[in-house]
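These questions concern a ligand site and the protein parts around it.

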Amino acid sequence: MKLKIALLEGDGIGPEVVAQAVKCLQAVEETFNHQFSYENALIGAAAIDKKGTPLPNDTLGLCKKSDAILFGAIGSPKYDDDPDTQVRPEQGLLRLREELGLFANIRPVKVFPTLIDRSPLKKEIINTTDFIIYRELTGGIYFGEKKLSDDGSVASDLCEYSEKEINRITHLAFKAAKTRRKKLTLVDKANVLESSRLWRRVVAKVGESYPEVMLDFLFVDNAAMQIVLNPSQFDVILTENLFGDILSDESSVIGGSIGLLPSASIGSEYAMFEPIHGSYPQAEGKDIANPIACIFSAAMLLEHFGLKEESKAVIRAVNKSLKNNFVTPDLNKKSKYGTNHVGDFIAGNIVDADDILNL
Ligand code: IPM
Ligand code: MN
């Protein structure tokens with residue numbers, strides 16, 4: 001298969017982790033005889049520094065003519081420390097999601113048996129965790145009207161959702177639940193928010209077309225508690241933009257490191273794959289960042305294009321690195337392996353399952 005992949009490395013550890021994911025994609029090309037091409041473009045603080053804007057037009061143009069986008073990370077303390085700044089790196093990512101119509105953000109949460117002791121939660125609570133968050137990504141409070149009074153003393157952000165916006169992601173979430181354990185939990189705040197009550201009505205209506213899927217509803221405060229109390233009760237969690245942002249960071253703790261969680265952002269035309277972690281500026285250039293979340297994001301990219309064996313081969317190679325303790329210091333304080341080493345190890349262990357059988 002031929003694929004044109006746009007690489008948006010972004011800020012902080014972004015370039016380092018994307019480089020490892022590209023090594024893995026190149027190993028997949030060789031092992032499975034595919035031809036992927038890669039082209040880089042600027043986004044985030046790196047783009048502000050060089051071009052004065054967090055999403056330059058040529059970056060958007062490249063994304064639109066690519067089959068998929070692999071994204072690193074965004075954000076820089078240089079801009080975080082100045083709350084009055086008018087341009088922020090994050091605006092690049094938000095505009096990109098909006099311009100490409102990436103309305104569904106899919107974040108799988110799983111526990112790896114080899115890492116079970118790394119989790120701050122008890123083994124018996126987390127060992128069967130396997131759920132997936134469907135986070136709405138182009139609506140809600142992130143994109144509603146923002147206001148600041150003239151004297152700067154009053155501010156507001158509007159949380160707005162339309163039936164159409166809720167409908168399209170709900171169908172995707174139900175379809176995913178159908179192929180899994182057939183349970184969908186809508187997380188909202190319907191006891192307080194009108195927008196949440198609309199979510200409940202629309203999701204319940206869509207649910208009538210998926211009678212084999214059990215649908216339940218949970219208020220977000222309770223959901224935040226249940227995720228650490230009993231995470232294995234969840235199969236598919238469907239939720240709006242801000243709640244999904246918060247709950248996915250919380251969920252990442254279950255597996256022992258946020259450096260493990262990938263995501264896919266899907267729209268009707270474009271698809272982007274990115275680790276859920278941030279730019280981790282303290283680690284920039286130190287060769288300590290965990291590349292696995294970005295490598296798993298590349299595996300999701302492969303799966304998205306129907307390359308299932310290829311995606312499994314990447315996941316197998318990651319599991320091998322975890323089993324052999326070939327990991328970055330976030331997973332093993334005494335580890336002497338860096339981002340590059342781990343990336344090389346994983347890329348070097350990508351093999352076709354047929355070859356394993358023939359060994
Ligand atoms: C994420 C990030 C982004 C978000 C930021 C960088 C704008 O936290 O992808 O989860 O809030 O969506
Ligand atoms: Mn986030």
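Q: How far is an oxygen atom of ligand 1 from an N or O atom in the side chain of Tyr-142?
A: This is a predicted model, in which local features need pLDDT of at least 70, side-chain atom pairs count only at pLDDT 80 or more, and totals for chains, interfaces and linings use all residues. Residues are numbered from 1 along each chain as its sequence is written, chains are lettered from A and ligands numbered from 1 in the order written, and side-chain values use heavy atoms, without hydrogens and water. A polar contact is a pair of N or O atoms within 3.5 Å; within protein, one must be able to donate a hydrogen and the other to accept it, and residues adjacent in sequence count only if both atoms are side-chain atoms. For Tyr-142 and an oxygen atom of ligand 1 the distance is 2.5 Å.

Q: What share of the accessible area of ligand 1 does the protein cover?
A: Accessible areas come from the Shrake-Rupley method with a 1.4 Å probe; for residues, only the protein chains shown count as cover. On its own, ligand 1 has 320 Å² of accessible area, and the protein covers 80%.

Q: Which side chain has an N or O atom 2.7 Å from an oxygen atom of ligand 1?
A: The side chain of Arg-107 has such an atom at 3.0 Å from a ligand oxygen. The value of 2.7 Å belongs to Arg-97.

Q: How much area do domain 1 and domain 2 bury between them?
A: Buried area is the accessible area (1.4 Å probe) that two parts lose on being put together, summed over both. Carbon and sulfur atoms carry 71% of it, and the total is about 1000 Å².

Q: Which residues of domain 1 lose the most area to domain 2?
A: Together they make up 45% of what that side buries, and they are Arg-97, Ile-276 and Leu-331.
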